Amino acid sequence: MISPTSFLQRYPRVALFFLVASFINSSGSAFMLPLTTLYVHTILQRSMTEAGFVLMV
């Protein structure tokens with residue numbers, strides 16, 4: 001069985017940095033759609049259907 005530390009030591013430092021940065025970027029992107037939908041619905045007083053349609057386009 002390979003320990004996690006030896007598994008991570010196989011990869012270059014730049015590759016691990018890229019992996020962490022990609023995870024942070026995708027997490028931030030996942031939060032943007034619900035927040036934008038809530039903004040359009042609550043602040044702009046539009047229906048959830050319209051908010052979803054705008055995000056789809």
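This briefing covers the fold, the helix packing and selected residues of a predicted model. Local features need pLDDT of at least 70, side-chain atom pairs count only at pLDDT 80 or more, and totals for chains, interfaces and linings use all residues. Residues are numbered from 1 along each chain as its sequence is written, and side-chain values use heavy atoms, with hydrogens and water left out. The protein has 3 helices and 0 strands.

**Overall fold**

- The order along the sequence is α-α-α. Helices (H or I, at least four residues) and strands (E, at least two) are DSSP runs, numbered from the N terminus.
- The protein is more spread out than a compact globule, because its radius of gyration is 19 Å, well over the 10 Å that the globule rule gives for 57 residues. That radius is taken over C-alpha atoms, and the rule is 2.2 Å times the number of residues to the power 0.38.
- Along the principal axes, the C-alpha atoms fill a box of roughly 55 × 25 × 20 Å.
- Of the 57 residues, 5% are buried. Buried means under 20% relative accessible area, exposed over 50%, and partly exposed in between (1.4 Å probe, protein chains only).

**Packing of α2 and α3**

- Helix α2 spans residues 13-42 and helix α3 spans residues 48-56. They pack at an angle of about 135°, with axes 9 Å apart.
- This angle makes α2 oblique to α3. Under 35 degrees counts as roughly parallel, over 145 as roughly antiparallel, 65 to 115 as roughly perpendicular, and the rest as oblique.
- Axes are lines fitted to C-alpha atoms, for helices over the stretch in contact; angles run from 0 to 180 degrees between N-to-C directions.
- The α2 and α3 crossing is right-handed: the near helix is turned clockwise from the far one by less than a right angle.
- On the α2 side, Leu33, Thr36, Thr37, Val40 and His41 make the contact. On the α3 side, Met48, Ala51 and Leu55 do. Contact means heavy atoms within 4.5 Å.
- These residues divide into 5 nonpolar, 3 polar and no charged. Ala, Val, Leu, Ile, Met, Phe, Trp, Tyr, Cys and Pro count as nonpolar, Asp, Glu, Lys and Arg as charged, and the others, Gly among them, as polar.

**Residues at the contact**

- Thr37 lies in α2. It counts as buried, at 17% relative accessibility.
- Beyond neighbours within four places in sequence, Thr37 is in contact with Met48, Ala51 and Leu55.
- Ala51 lies in α3. It is buried, with a relative accessible area of 1%.
- With the same exclusion of neighbours within four places, Ala51 is in contact with Thr37 and Val40.
- Ala51 and Arg13 are 38 residues apart along the chain, and their C-alpha atoms are separated by 41 Å.

**The loop**

- Gln45 lies in the loop between α2 and α3.
- Gln45 is exposed, with a relative accessible area of 65%.
- Its phi is near 55°, a positive value in a residue other than glycine.
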